[in-house]
Amino acid sequence: MAGDDEDFDADLADRGDDRPGVDEANDDDFSALGLDDDLDDDDDDYPDDAGEDEIDLVVALYREDGTPVVQSLELDLANDLDALIEALRRMPGDAGTVGMVSIDQDVFVIVRVRGRVVQLMLSDSIAAQDWPIARDAVDYLGVDAPDEEDDSEPVGDLDLFADVGLPEMEMEAICEESDDSLEALEEIGEKLGFGKALSKIVAALDL
C-alpha cells in the first residue's frame, strides 16, 4: 500500500495544474490568473484621502475621574478608521471613549469604544463614495457601498448612546435634519454632557 501511495502522489505531481494561466504565474506574479485585476478595481473604487482643509474635527470624548474631557486628535485619523479605534483604546476614559470625526461640515462618524466593544455610526451612507473613513465605516458595518442613485441615510449603531439618554430615533433625526455636521456633533455632545468643552474646540476652528 505504501508503494501505491507514492505512485499516486508522483502521478499527481506529474499532471500538475492544467488551469489556464497557472504555468505562467510565478510565486510573486498573479497577473496570469487575473487576480491583480480585481485588486486594481478595488483601489480605483476607494476614495482619496481627505485633505487637511477638508477635515473639520477629530476629537476624543471621555470622562476622567468623572470630569468630561474633549481632546483633539491627529487629523490623519480622519482617513483611517482602524487607527482611530486604536487611538481611542489608548485614551484614559473611566468607561470607554467616544471618537467624533467631521468632514467638510457635511458628514460625521462617531465611534464608541469600550474595551473590546466597538460601536460605530455614519451620518450619511452616500459619503462612502467620497471619503475614506466613510467607506471604512460601511465596510466595518458590513453594509454595501451605496450607488449614486441610492438614498442618503444614516447607518450603523444609531442606538450607541441609548444607555445615556440619546435614543436611536433622536439620533436619526439629528442626522437627517442637520445641514452642518459640526452643529450636529455639538448637539450630540451637549446631550452627552460634553457640550461646553466640545463647543470650545469647535469655536476655535479656522473654517
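Predicted model: local features only at pLDDT ≥ 70, side-chain atom pairs only at ≥ 80, totals over all residues.
Residues are numbered from 1 along each chain as its sequence is written, and side-chain values use heavy atoms, with hydrogens and water left out.

**Overall layout**

The protein has seven helices and six strands, where helices (H or I, at least four residues) and strands (E, at least two) are DSSP runs numbered from the N terminus. Along the sequence they follow the pattern α-α-β-β-α-β-β-β-α-β-α-α-α. Of the 207 residues, 38% count as buried, meaning under 20% relative accessible area, with exposed being over 50% and partly exposed in between (1.4 Å probe, protein chains only). A contact means heavy atoms within 4.5 Å. Among contacts between residues at least 6 apart in sequence, 57% join residues at least 24 apart.

| Pair | Angle | Axes |
|---|---|---|
| Helix 5 and helix 6 | roughly 155° | within 9 Å |
| Helix 6 and helix 7 | about 160° | 8 Å apart |

The angle makes helix 5 roughly antiparallel to helix 6, and helix 6 is likewise roughly antiparallel to helix 7; angles over 145 degrees count as such, under 35 as roughly parallel, 65 to 115 as roughly perpendicular and the rest as oblique.

Between helix 5 and helix 6, Glu170, Met171 and Ile174 meet Ala184, Glu187, Ile188 and Lys191. These residues divide into four nonpolar, no polar and three charged. Ala, Val, Leu, Ile, Met, Phe, Trp, Tyr, Cys and Pro count as nonpolar, Asp, Glu, Lys and Arg as charged, and the others, Gly among them, as polar.

On the other pair, Leu182, Leu185, Glu186, Gly189 and Glu190 in helix 6 meet Gly195, Leu198, Ser199 and Val202 in helix 7. That contact divides into four nonpolar, three polar and two charged residues.

**A loop residue**

Asp159 sits in the loop between strand 6 (155-156) and helix 5 (168-177). Asp159 counts as partly exposed because its relative accessibility is 36%. Asp159 and Met169 are 10 residues apart in sequence and 8.1 Å apart in space, C-alpha to C-alpha.

Conventions. Axes fitted to C-alpha atoms, helices over the stretch in contact; angles between N-to-C directions.
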